[in-house]
Amino acid sequence: MLLYYEILFGLSVLFSLIYVFMWNKHFDANITLVFFLVPVNILSHLAVARAANLQTAILGTQVIYLTVLFNILFVLLTIVELCHYHLPKPIRGCLVGLTMLFYLPVLSIGHSDMFYKNVSFKVEDGVSMLTEKHYGPWHSVLYLWIFVCFFLCLIALVYSLIKKNDVSHRIILMLFIPVVTSMLTFFTGRVISSKIELAAASYVFAQFAYLLIVHRLELYDINESALEALVQKGDTAFISLDFRLNYLGSNETAKKWFPFLKELHVDKSVKENPKCQATIMSWIRDFNEGKIDDENHIHYHLEDEKRIVHVDVNHLYDGRRKRGYQLFITDDTADVKNIEFQEKFNTVLRFEVDQKTARILQMNDHLLISMATMVESRDPFTGGHIKRTSEGVKLLIEQMQKDPELTLSKKFCQCMIKAAPMHDIGKIAVPDAVLLKPGRYEPEEYEIMKSHSAEGARVVHEILKDTDDEEFRRIAVNVAHYHHERWDGKGYPEKISEHDIPLEARIMAVADVYDALVSKRVYKEKMPFEKADAIILDGMGTQFDPSLEKYYVAARPALEAYYRSQLNEDATQTGEQG
């Protein structure tokens, strides 16, 4: 058994030395502590095996428990860091404090029965060991805490594997192996063998796994790799200052482009340097005021030539703390001159393209209106319905845009107004025998007429399937499909309710029903505005979205004025024809 621990100790020291050789300042401190604790743990096992008396064996056992408890804690914190979870310092402190609290009873071994009620010591085949151990209540508590730590490790790894895309799944799977191995050997090792500690071998195996992980992590350390590449490549200048504008340093490229940097002393303020005021301080001021962005170029004269550089200012971080400013400066002279040439060339081209694009869009809009009008012309009983409902939608939208609490995008409003004329385009599929019937529909005829909603959605989708305007296509399809749905779910064709009905369809429903009420139909006379208004208001919360009530009320005067003007216009046309 001594040979077993001696081999493990040699391997653990070797792995720790390899880690020291690989170490850089960006490695997580917790994984460094793991590489320190494992050799101490193995050495403590070896000390117990070679102990000359009970007190020495107890001391070694106390160190073993100390290394085990904090080893699993540091493994948990390592997983938290590698999986990019933000664990506040107070919580980290609480975890360390709890671990120490659970460990303290271990120090009572040999003095009280809190951890071990009694324990004996014997030497067998030249190997010392503690025997006849009768555990106290705190022994179970300590084991429960270790189990909780292992469980948290597994939860963090499983969640990261399923949910997180910013963590390498290869790293997560590599972390699984030592965690699971250590957990199994820790809780079942004594059952398999009472003379040797199998968990000790799992800790050494974990060291090997962590070496593979940190080797892989060097590839994922984007910030460090990028910074080193920038420094070595030499075509990017960088300058660092603290928040007091004390100069912290710069690379050779920066000193070549800005010779005055050679005169600056580290930790000395740049405020009194006129050249720094015109460059560095000016850029930092623009950064603090939000004026530095990806399109900002600063012109800088170098000797007799004009150099154009791109300045990117960021905060300088020490871990998670902001400590100052970092300026990255690249030479954009060739790119900027090329861009200026292209912009001059593109100005005329863009003007011509914009004109032609506007004409194409106008033609498309006219085509859509023409198709909707053509469908409406099949129904002689609803003449002007498209025009009137489109105006109704427009008036409702105008009131909704005035509400500061309702954030409707300008694009949505434009698309909604443009899509309104297409809401009944599905009537193209309704047979003439039904569509042209001069009276109320029979139940089976009404079912046929109701099919125009779903058919309209299909037709609109086919018409617009190749358009680049995804939002307009979605809104137009929804308006055609759902404008007969009701807030209470008793509409058609899908019988959906409340907010499952798209907003654009809820708006269309108000304008559509209002027009049906105040306009003459073959089966009814036009209704007075007051009665139509009462019906609309009564339907808020059953047929219509109740949140639209205030916009309808606000738009009502304009709606009535518009419909009165339409009546006068129709009367004038009828008189002229007579």
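Author: We will go through confidence, helices, helix packing and a few backbone details.

Author: First, the ground rules. This is a predicted model: local features need pLDDT of at least 70, side-chain atom pairs count only at pLDDT 80 or more, and totals for chains, interfaces and linings use all residues. Residues are numbered from 1 along each chain as its sequence is written, and side-chain values use heavy atoms, with hydrogens and water left out.

Reader: What does the chain average in pLDDT?

Author: pLDDT is the predictor's confidence in each residue, from 0 to 100. Here the chain average is 81. Of the residues, 80% score at least 70.

Reader: Where is confidence lowest, and where is it highest?

Author: Helices (H or I, at least four residues) and strands (E, at least two) are DSSP runs, numbered from the N terminus. Confidence is lowest in helix α8 (residues 222-233), with a mean of 49. It is highest in helix α20 (residues 529-538), at 93. Where pLDDT is low, the predicted coordinates should not be read in detail. Take residues 573-578: pLDDT stays under 50 there.

Reader: Is α19 mostly covered or mostly uncovered?

Author: Buried means under 20% relative accessible area, exposed over 50%, partly exposed in between (1.4 Å probe, protein chains only). α19 is mostly covered, with 13 of its 16 residues buried.

Reader: At what angle do the axes of α4 and α5 cross?

Author: Two packed helices are described by the angle between their axes and the distance between the axes. Axes are lines fitted to C-alpha atoms, for helices over the stretch in contact, and angles run from 0 to 180 degrees between N-to-C directions. The axes of helix α4 (residues 89-103) and helix α5 (residues 137-163) cross at roughly 150° and come within 10 Å. That makes α4 roughly antiparallel to α5. Angles under 35 degrees count as roughly parallel, over 145 as roughly antiparallel, 65 to 115 as roughly perpendicular and the rest as oblique. On the α4 side, the contact residues include Leu95 and Phe102. On the α5 side, they include Trp138 and Trp145.

Reader: How are α14 and α18 oriented to each other?

Author: The axes of helix α14 (residues 410-419) and α18 come within 9 Å and cross at roughly 45°. The two are therefore oblique to each other. Phe412 and Met416 of α14 are among the contact residues, as are Phe472 and Ile475 of α18.

Reader: Which peptide bond is cis?

Author: The one from tyrosine 492 to proline 493, with omega near 10°. Proline 493 sits in the loop between α18 (470-482) and α19. Glutamate 498 lies in the loop between α18 and α19 too. Glutamate 498 has a positive phi of about 45°, although it is not a glycine. At 42% relative accessibility, glutamate 498 counts as partly exposed.

Reader: Is leucine 245 buried or exposed?

Author: Leucine 245 counts as buried, at 14% relative accessibility. Its place is in the loop between β3 (236-242) and β4 (247-250). Leucine 245 has a positive phi of about 65°, although it is not a glycine.

Technical notes:
Contact means heavy atoms within 4.5 Å.
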